[in-house]
Amino acid sequence: MKGRTTDLSDATVLQQEIAVEQQHVDLVYARLAELRQDASRAEKEGYRLAGVGTFGALVERDAMVFHAARRRHALDTEYEGLVFGRLDLKTGATHYVGRMGIRDDSSKPLVVDWRAPAAAAFYRATPAEPLGVVRRRMIQSSRERVLGIEDDLLDPESAPPGMRVVGDGALLASLAKATGRGMRDIVATIQREQDDAIRSPAGGVTIVTGGPGTGKTAVALHRAAYLLYSDRSRFAGGGILVVGPSGVFVEYIATVLPSLGEETATLRSLGSLVPGYDATRVDPGEVAAIKGSLRMRRVLERASHDAVPGGPTELRLLYRGVLLRLNAQQLEQIRRKALPRGARRNEVRGHGFDRVFDALWAQAREQKVTGLPEKREFESELADRGDFRNFLRAWWPRFTPMRVLRWLAEPKRLRAYANGLLSREEIAALEGSFDGLAEHGPTIADVALLDELDELMGRPRQAAKKTKNPFHVRDGIQEVSTYADRQAAARAQQVQREEDYRDFAHVVVDESQDVSPMQWRMIGRRGQYASWTIVGDPAQTAWSGDPEELDRARERALGSRKRNGYALTTNYRNSSEIFAVAAGVIRAIMPDLPLPSAVRSTGVDPVDVVTGRALLPAAVRELTEKQLADVDGTIGVIAPVPRRDEMAGWVEGLPERVQVVTALEAKGMEYDAVVLVEPGEIAIDRAGVRTLYVALSRATQRLTTVGTNPAWHP
């Protein structure tokens, strides 16, 4: 412990150390300003090239402007909290760690990018394995001003005389901060077990498991940023897809990657993974399990091969005075031959039409039509007739997945398609679940069925569309004008993908324990050539279907890629008082489940309020207002799924930092305070108890439960 200052009662020590760090931070921001000026200067120089008057000069100008715009955008993005760490090494060297790498004009590193190998020790070093680090320091700042520092002395024996150690540790200090509406990045406080997962090998499948509050989502997003840094050509070129459970969740995490300087990842919820849909409706658990079962694929296959409801059952054509006729049996036979099992309906549409022509040609020859032309001319004559074209369009139209899925709203058809595949009870449960498709759109579970139908039916052949370049001037010359245009051009140049892109280089699946077998098929189609990061907690699953079927579907999506597993064991989110309540609930049904350890105590116990049904609305509002007064950050009002809109009305008009979500939408979310309403209505079965466990573990500082029935307590 030689020569260290450890007496923190002397505030002068803290201020002196802050002043030391402020000097370096000032140096970094001064260099940042120079780099931004250089980028602006490069843009201006690029525009001056236009004065040369040649097309070649315009091309050179656009290249300079494009790269300068990208550089300036990166420098602007990383402005806040640019420097957040310092490593004092046993060798005597000092490394500052930050959101991006910056060098001075002599190429000496002023800041090391957090993803660089040289910064790895900032996250991985421990007192047991210091990795050459004597002191690790977290620097807390607001814009360019250093507000505080927190030190970890990892190798006391190597500390030089006079080395000062300040604070109680960076991580616990950061946990007391209000969260705000979006998810915080954890780049300054990543812990060793989290960093192991973040820096896992780029290939294969990285599987991260952990209980509530262990930072699974943050690890997954920081891993995406790390991959983009370590192999940008591969992962920015092919793209990274991040899939979350709900739109609320995706909105919550949307700021993390941009705050880390990465904007190329695609974020989607399970309800918005298929272009054209953004489903938020949720089926009851039993119905969702049926729709998520792999048996639904066979149900949908039968539907995709069925005759069109209300379609023509007979074709009658008067051709050169002779009646040509195909009855219902003949039309059905033609359709079945043109559409064998495994064929895609939209792709073999032309074969069906050809068989109709063949059947009519055979009749015309058999009836010895006077002046019958050659077959090709015969087909051309029929194709010119409006009544015949109308028949073909009605008999075999171009099908959309939604059109076919809506057929399942008819009980008779549903029973026919599901006969022998689903039980009578399951068919009865599905009846009525497709009725809202036309008016309200699909549920989240329906989106995977629509994607499956798209796969089963295929897509009609269409002429390739030329992509219009909004910056094209003439003869290969491209014009880039405003700053917004330059940013759009930069993003377009990085990657141009079709709307339903399916060749991602990496796929991240968060809250994976809730992904159904059919949803695994949907995600798998977009990651056939990808490496994967899978994040989840089996104890939080809401899936109530066959677990073996779920395992098969997941393994099929992931393929034979090598697995790398990581377990997160520390709950950083919840206070020990809050997590004790959640742990008691899940232990009641899973007594042997290994749970994470909550590492901090606030001394504030959760509050449980029992009230009458008539008094519940007023109680919820009053308790929410109390949380607004007690904490500075976000307040989550968590409601049973069917009553979300009703309970949202109870807190209407309160500040924006109050967010009302269902118990399912709360998955992956984090709030400074939570008001959990009617927990007894959530814990109605085993799956409901797991959902309640999730809801109880969303709060970082305060938890209040309020309801009319106290029986939910274990």
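A: Strand β1 (residues 83-89) and strand β5 (residues 133-142) run antiparallel and are joined by five bridges. Within this pair, L87 has R136 of β5 as its bridge partner. The model is predicted, so local features need pLDDT of at least 70 and side-chain atom pairs count only at pLDDT 80 or more, while totals for chains, interfaces and linings use all residues. Residues are numbered from 1 along each chain as its sequence is written, and side-chain values use heavy atoms, with hydrogens and water left out. Strands (E, at least two residues) and helices (H or I, at least four) are DSSP runs numbered from the N terminus, and two strands pair if DSSP finds at least two bridges between them.

β1 and β5 belong to an open sheet of six strands, ordered β3-β4-β2-β1-β5-β6, in which the pairing is mixed. Its edges are β3 (102-103) and β6 (145-153); each has a single partner strand, so one side of each is left without a neighbour in the sheet.

Strand β7 (residues 205-210) pairs in the parallel sense with strand β15 (residues 531-536) over five bridges, and V205 stands opposite W532 of β15. β7 also runs parallel to strand β16 (residues 563-568), joined to it by six bridges; there G210 stands opposite L568.

Another open sheet, of five strands with parallel pairing, has the order β19-β23-β22-β20-β21. β19 (607-610) and β21 (658-662) stand at its edges with a single partner strand each, so one side of each is left without a neighbour in the sheet. On average, neighbouring strands of this sheet are turned by 20° against each other, direction ignored. Axes are lines fitted to C-alpha atoms, for helices over the stretch in contact, and angles run from 0 to 180 degrees between N-to-C directions. Strand β20 (residues 635-639) is joined to β21 by five parallel bridges, and I635 has V658 of β21 as its bridge partner. Helix α28 (residues 686-696) packs on this sheet and touches β20, β22 (671-677) and β23 (699-707); contact means heavy atoms within 4.5 Å. The direction of α28 makes about 140° with that of β22.

Turning to helix packing, helix α12 (residues 328-338) meets helix α13 (residues 349-366) at an angle of about 135°, with their axes 9 Å apart. That makes α12 oblique to α13, where angles under 35 degrees count as roughly parallel, over 145 as roughly antiparallel, 65 to 115 as roughly perpendicular and the rest as oblique. On the α12 side the contact is made by Q330, I334, K337 and A338, and on the α13 side by H351, G352, R355, V356, A359 and Q363.

α13 also packs with helix α14 (residues 375-383), at an angle of about 115° and with their axes 11 Å apart. That makes α13 roughly perpendicular to α14. Here F357, D358, L360, W361 and A364 of α13 meet K375, F378, E379 and L382 of α14.

A salt bridge is a side-chain nitrogen of Lys or Arg within 4 Å of a carboxyl oxygen of Asp or Glu, and by this rule the count comes to 54. In one of them, the side chains of R295 and E426 meet at 2.8 Å, N to O. This pair links distant parts of the chain, 131 residues apart: R295 lies in helix α11 (residues 295-304) and E426 in helix α18 (residues 424-430).
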